[in-house]
Structure formats: C-alpha cells, structure tokens
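Good morning, and thank you for making time for this. I shall speak about the nonpolar packing and then about the salt bridges.

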Amino acid sequence: MILGQIGFVPSFFPEGNVLMYTWIVFLHLTGVFVFLLGHGASANVAFKLRGERNPDRIRALLDLSLTSFGGMYVGLLLLLITGIIAGFMGNHWIHGWIWASIVLLIALFVLMYLLGTSYYNKVRHAVGVPIYKRSDQQPLGETKSEPEITALVNTSQPLIVMVVGVVGLLLLLWLMMFKPF
C-alpha cells in the first residue's frame, strides 16, 4: 500500500488494520482542524481588540472569544483520544518523538493558558465583564477609563501568545511528520 511505503502507516500492520489506522489518523487531524478553528476565533479577537476603544464592542468581542472555547475543547479532546489510539495502533510509544510531542503539547497548553488567560482577564476586568461569563449573563461591573483600556489592549501580549502558539504547532507538526527520534 502506498501509505505504508511513504511512512504514513507502519509497515507491520495486517492489511485490515491499515484502513482503521488511516481513519484514526484522519480523525486525529480532524481534531486538530476543529481545535484550530475554535482557537482561531479567540486569536483573531485578541488582535481585533487592539483597535477597539468602545467598551460595548470590546465586550462583544470577548463574548465571541468565550463562545469559541466549546469547539476548541471538543477538537482538543478528539485529537488527544485519537492520538493515543494511533500511538497504540502504530506502536509509536517506543519512540521518543511521541513523548516529546506530548510534553510539548502540555507545555504549550500551560503557556498559552497562562499568557492568554491573563491578558483576557485584564481586558474583561477593564470593561466590567466577569471572568468566564458572557456580558449578558451577569450585571456588568465598573468600566475603566478610555486611556486605561487603550493601554491594556495595545500591549504586545497577543503577539507573544501567537508566536508561542505558531512555533509550538510547527514543532508538533515537525515531530509528527518526520518522527526524528
């Protein structure tokens, strides 16, 4: 089978399991795609916030970011489950690249959570939105002054988060594609 010849499917598979492994990898990549779609909305919001000064528009953008988390976590769960299954099906657990991928994924998750959440929480606080609540779910708190909001949304933190995320994703892709060790 051509997939086995290019290293996509381990060559020791009985012919009947190749199709199942291919479906698991397909679902794994689907999980990545769904994760990136959900997370992409949040990333775009971070950059759109830089140009906003109106607290109502900022609240709407924060609501959009918050609602994208559902798809992001569904995609993350799908890619984790199918990645573990593919690891067993392909006997990949004996190789270092899969363990490096897991460590890198966990490190990225923690870093992105810390960097991204701290930024969004500061902006939420500045426009009176409770943390992890949409602006229509509870009464709004006090809104900071326009210069305070401007200083907050003009930070470079979203760019730092994006660079960390993109570099991390490229490293994960490299590990999975080239299986260097």
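Helices here are DSSP runs of H or I with at least four residues, numbered from the N terminus. The model is predicted, so local features need pLDDT of at least 70, side-chain atom pairs count only at pLDDT 80 or more, and totals for chains, interfaces and linings use all residues. Residues are numbered from 1 along each chain as its sequence is written, and side-chain values use heavy atoms, with hydrogens and water left out.

Let me start with the salt bridges, meaning a side-chain nitrogen of Lys or Arg within 4 Å of a carboxyl oxygen of Asp or Glu. The whole structure contains three. In one of them, Arg59 pairs with Asp56, with the closest N and O atoms 2.6 Å apart. Both residues belong to helix H3, three residues apart, about one turn of the helix. For burial, under 20% relative accessible area is buried, over 50% exposed, and in between partly exposed (1.4 Å probe, protein chains only). Arg59 is buried at 8%, whereas Asp56 is exposed at 54%.

Lys48, Glu52 and Arg57 form a network of salt bridges. Glu52 is 2.9 Å from Arg57 and 3.9 Å from Lys48, taking the closest N and O atoms. Glu52 is buried, at 7% relative accessibility.

Turning to packing, a nonpolar core is a set of buried Ala, Val, Leu, Ile, Met, Phe, Trp, Tyr and Cys residues joined through side-chain atoms within 4.5 Å. The largest has 15 residues, and Tyr120 is among those with the most contacts inside it. Helix H5 (96-126) is one of the elements giving two or more residues, and H5 provides the largest share, four residues.
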